[in-house]
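Subject: Handing over the model

Dear colleague,

I am passing on the structure we talked about, and I would be grateful if you could look through it alongside the notes in this message.

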Amino acid sequence: MVPPPVFVSPGASVLPVSPLPSSHFLSQPRQTAPTPRTVDTSTLNAHDFDVDNRTGFMPFEPPLARLPSEYEAWEVLLDEAQAAPLQLGRRSELTQEQRDCSATWRARIRELPIILTTSLHESEVHLRRAHSVLAWLMHFYIHSQPPPPPELARADVVIPAPIAVPLITVSEQLQLPVVLTYSDDVLYNWALKKTAPTPSSPARGAPSLDNLRCITLFTGTSDEEEFYLSSARCELVGVAALEAMRATMDELFVGDSLARLRIERYLTSLSGHIDELAKQLLAVREGCDPEAFYHDIRPWFNGQDSGPDGRKWVFEGVPRERQPSELSGPSAGQSSLVHALDIFLGVSDYSHGQGAGDRKEGPTFLDRMQIYMPRHHRAFLRHLANAPRPLRELVEEYQEKDSGLADAYNRAVGAMKRFRDAHMRIVALYIMGPARREREAQMAAARPLKGTGGTDLVSFLKGVRDRTAAAIFQK
Ligand code: HEM
């Protein structure tokens, strides 16, 4: 029987404390591919799927902001790209000085030595930072390039060996795609604004809705920072939802009339937490300008499948069999929180179904997005999906006898649908509106609108939303 997910107890320290005896399970070396029989100790929370009861899928401790000195050359080039800041190479209005600046920066990337990553492999935290630094460098490198001349319009985009080789190795260690992911721009891209004690954390500052800033930005603008932080805040608001899910799962084991009454209450509170999530999502409008997002920020995220020219990315110095193919750009569709809610409610069988924008064969877009999540979070979702007593089955079983339970369940699914309605409003404001205005201004030829993950956007999002609503039990 699969036990319910375990959360770290409140107040538990996630900082390394005094040296542990060598026999302690946390003293075991980091395992790159833990087997089901071994304890995964790659992070201190790994035994709990790296989910913290204070910050959910975000770590409680601020992510590492700089690699050890051996890797300083990467960090320095990332600092320089941001300080310049490098501009999108496709912009027609660039000055010669801006073009020269980014060409010089790219030449320095190509001239870097290939630094071995072996000394990073012992630490998950170092590997995470290395993945972030190298993936940000790669996106800066690719998207700061001017468009190729017409005769090379379909030529491969070559990622130079000094970043391609270590990025492939680090990604293999982390079992992550070789591209910027939601974990790089949201989950592990924050620092505390204030580290002084706060009422919620008397010892020192703690992650909270108004105490975060970003570590890395493409544009250095507050619009970009607010874009990432709005997702980070959704993750923090989602902690209460995770707690309601955990409490429900405890009761599902019992399943008697008292347990069902408690589940009804937890589901009612869950609906409120999902509505809070939608509120946080809509709050992105307060700090991020839609035109700035669409024109200045979003193009930096493009992966191989969502760029304007469909060129193939080739990783120099990497053998053919290790060339990656999962190269979609970062998207909050990679947020484990929303997937967890879908799976817990049994909505994912509907919402994750085949829809517009999915490839004809293989996993759907949303299932594919799980490949882009940190592997512990992926394991958490697998664990949830294998719950011995799924919530939806219980609700279905007692639908006739216990209408209170079915109503509470329907309200929670209704809240997920409302979240997706709110999300569609945001996508209309931030993508469809600016795209339409751009098309009108340029009289550009019609081409299906693409999301950052390369989906036929409108019909994809509508499909997910409508399939979510289909999970509501009819009376
Ligand atoms: C300005 C803010 C946002 C914009 C412009 C935006 C845009 C998009 C786009 C274009 C997609 C389609 C998939 C793709 O191509 O990547 C998408 C999917 C998705 N986004 Fe967002 N998004 C925003 C904020 C958020 C936030 C804060 C969350 C929650 C943490 C979120 C959760 C999702 C989810 C779960 C999907 C997958 C589709 C679904 O399950 O309904 N998004 N988003």
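The notes below begin with how the model should be read and then turn to individual sites.

This is a predicted model, in which local features need pLDDT of at least 70 and side-chain atom pairs count only at pLDDT 80 or more, while totals for chains, interfaces and linings use all residues. Residues are numbered from 1 along each chain as its sequence is written, and side-chain values use heavy atoms, with hydrogens and water left out.

The average pLDDT (the predictor's confidence in each residue, from 0 to 100) is 89 for the chain, and 85% of the residues score at least 70. Over residues 1–17, however, pLDDT stays under 50, and the model has 40 contacts beyond four places in sequence for that stretch, a contact being heavy atoms within 4.5 Å. Where pLDDT is low, the predicted coordinates should not be read in detail.

His 423 lies in helix 14, where helices (H or I, at least four residues) are DSSP runs numbered from the N terminus.

Helix 14 (residues 403–442) also packs against helix 8 (residues 290–297), their axes coming within 8 Å and crossing at roughly 75°; axes are lines fitted to C-alpha atoms, for helices over the stretch in contact, with angles running from 0 to 180 degrees between N-to-C directions. The two helices are therefore roughly perpendicular to each other, a term covering 65 to 115 degrees. Among the residues making this contact are Phe 293 and Tyr 294 of helix 8 and Tyr 430 and Arg 437 of helix 14.

Ser 336, in helix 9 (residues 336–345), is buried at a relative accessible area of 3%, where buried means under 20% (1.4 Å probe, protein chains only). Leaving aside residues up to four places away in sequence, Ser 336 touches Phe 57, Met 373, His 377 and Leu 381.

Finally, some backbone details deserve a check. Most residues other than glycine have a negative phi, and most peptide bonds are trans. Phe 49 has a positive phi of about 65°, and Asp 50 has one of about 55°. A cis peptide bond joins Ala 84 and Pro 85, with omega about -25°.

Best regards

Terms used: Buried < 20%, exposed > 50% of the residue type's maximum accessible area, 1.4 Å probe, protein only. Parallel < 35°, antiparallel > 145°, perpendicular 65-115°, else oblique.
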